Amino acid sequence: MSLFNIFNVSGSGMSAQSVRLNTTASNIANANSVSSSVGETYKARHPIFEAEMAKASHQQNSSHSVSVKGIVESDAPLLKEFSPNHPMADGDGFIYKPNVNVMEEMADMLSASQSYQMNVQVADAAKSMLQQTLRMGK
Amino acid sequence: MAINFENGLGIHQYSLGIRAQRAEVLSSNIANSDTPGYKARDIDFESAMNSARSHQKGLQMSQTTDKHFDLKALSEEHVQFRVPNQPDTGDGNTVDSQEEKSAFMQNSLEYQMSLGFLESKFSGMRKAIRGD
């Protein structure tokens, strides 16, 4: 029954979006964490989504769930700031700030929560369709 | 005269199945609206319905060896890629989530409509059996 598959599909969509929301939350939370070297500084994280691409392009399957391939750290340069009075400053008087763009993260957050909501609505509609089908003939 | 479910229920049992399958395809589109490289797909309702109708008329082939094509596999052919509204979205994803959402809602209403027809067919049959 294909209606049952909808729960798998939109469930995978919801979990993928919640991973995205999680990484966004940690990015924003750490946006101001300062450190004294490049290695220790927090780098923005982003999840990579994959539609089981092999399946999507080759097989004519009717449903594709979303899978989170992994979480990658952004390669964007860190913010190096000259602040010799800062307690965390290194020998040359520099501190390092994460490469998190808060505006970008906010937009990402709104998009993720909207997609999550949309998946919830789909699952809800599928549920009512199934319930009506089960009630048929009573 | 025996009641034949195939004739008694008419086309609605097939349209219900196609609607359910379409709901699945559209839900995949919505779930993958942020997946790079995903191409939106949809079911060609008319051709799926035509094949269901010919199926109903008794034109279906019987499978006598394993090498024959599976009928279910053939029905997957009705799933086709959607022509995107905009040529390039940057990440190869062709899902327009607003459009998919409205298509899903419309499809679910149509599903409920088919279900209603099917239900009335059943109640008609029940009346015929009871004779009241």
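Mentor: Start with a definition. A pocket is an open set of grid points where a probe fits, with protein on both sides within 12 Å along at least five of seven lines. A volume is the space filled by probe spheres set on the points. Keep in mind that this is a predicted model.

Trainee: What volume does the second largest pocket have?
Mentor: The second largest pocket comes to about 170 Å³.

Trainee: Which residues line the second largest pocket?
Mentor: From chain A, A:Arg20, A:His46, A:Pro47, A:Ile48, A:Phe49 and A:Asp108.

Trainee: Helices now. How do you describe two packed ones?
Mentor: Give the angle between their axes and the distance between the axes.

Trainee: OK, what is the angle between helix α1 of chain A and α2(B)?
Mentor: About 5 degrees, with the axes 9 Å apart. Angles under 35 degrees count as roughly parallel, so α1(A) and α2(B) are roughly parallel to each other.

Trainee: Which residues touch there?
Mentor: On α1(A), they include A:Leu3, A:Ile6 and A:Val9. On α2(B), B:Ala20, B:Glu24 and B:Ser28 are among them. The classes are six nonpolar, six polar and one charged.

Trainee: What about α3(A) against α2(B), at what angle do they cross?
Mentor: Roughly 165 degrees, and the axes come within 9 Å.

Trainee: Left-handed or right-handed?
Mentor: Left-handed. A:Met118, A:Asn119, A:Val122 and A:Met129 meet B:Ala23, B:Ser27, B:Ile30 and B:Ala31.

Trainee: How many charged residues are in that contact?
Mentor: None: six are nonpolar and two polar.

Trainee: Last pair: how far apart are the axes of α3(A) and helix α5 of chain B?
Mentor: They are 10 Å apart, at an angle of about 5 degrees. That makes α3(A) roughly parallel to α5(B).

Trainee: Who makes the contact?
Mentor: A:Gln121, A:Ala125 and A:Thr133 are among the α3(A) residues. On α5(B), B:Lys101, B:Phe104 and B:Tyr111 are among the partners. The contact divides into seven nonpolar, seven polar and one charged.

Methods: Residues numbered from 1 in each chain as written. Chains lettered and ligands numbered in written order. Predicted model: local features only at pLDDT ≥ 70, side-chain atom pairs only at ≥ 80, totals over all residues. Heavy atoms only, no water. Axes fitted to C-alpha atoms, helices over the stretch in contact; angles between N-to-C directions. Helix = DSSP H or I, 4+ residues; strand = E, 2+ residues; numbered from the N terminus. Left-handed = near helix turned anticlockwise from the far one by under 90°. Contact = heavy atoms within 4.5 Å. Nonpolar A, V, L, I, M, F, W, Y, C, P; charged D, E, K, R; others polar. 1 Å grid on protein atoms, 1.4 Å probe; cavity = no way out; pocket = protein on both sides within 12 Å on 5 of 7 lines; lining within 4 Å. Parallel < 35°, antiparallel > 145°, perpendicular 65-115°, else oblique.
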